Amino acid sequence: MEIGGVVAVLVLLLVPSLQKLLNSVAYRNRARGQAEIIRARHSAQLQTPPDKQKKGKAHSRV
């Protein structure tokens, strides 16, 4: 029974560290996904013809 107690204590000690690791991985994964969305939007804007990019934006220079 002593081995089971030691294993239980080790598991309880490692749970917070494992949770921090998983939160860190999740945060990095979300940040990577957001960066990919930003790059895709930027790439899509570069691929549209110039006349369609400025549609709706009136530029008047006086």
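Predicted model: local features only at pLDDT ≥ 70, side-chain atom pairs only at ≥ 80, totals over all residues.
Reader: Why is Leu13 called exposed?
Author: Leu13 has 57% relative accessibility. Exposed means over 50%. Therefore Leu13 counts as exposed. Its place is in helix H1, residues 2-47.

Reader: What makes Val6, Val9, Leu10, Leu13 and Leu14 a nonpolar patch?
Author: A patch takes residues with over 30% relative accessible area and no salt bridge, and nonpolar side chains such as Val and Leu are joined within 5 Å. Val6, Val9, Leu10, Leu13 and Leu14 form such a patch on the surface. Together they have about 490 Å² of accessible area.

Reader: How do you know what span to expect of H1?
Author: The expected span is 1.5 Å times one less than the number of residues. H1 has 46 residues, and 68 Å is expected. From first C-alpha to last, H1 reaches 66 Å, which is close to that value.

Reader: Where does H1 bend, and which proline follows?
Author: H1 bends by about 35° at Val15. The proline is Pro16, within four residues.

Reader: What share of the chain counts as buried?
Author: Buried means under 20% relative accessible area. Of the 62 residues, 0% count as buried. The chain has 2 helices and 0 strands. Its accessible surface comes to about 6500 Å², and 62% of that belongs to carbon and sulfur atoms.

Terms used:
Residues numbered from 1 in each chain as written. Heavy atoms only, no water. Patch = residues over 30% accessible without salt bridge, like charges linked within 9 Å, V, L, I, M, F, W, Y side chains within 5 Å. Areas by Shrake-Rupley, 256 points an atom, 1.4 Å probe, with all protein chains shown as cover. Salt bridge = Lys/Arg side-chain N within 4 Å of Asp/Glu carboxyl O. Buried < 20%, exposed > 50% of the residue type's maximum accessible area, 1.4 Å probe, protein only. Bend = angle between axes of the 7 residues up to and from the residue.
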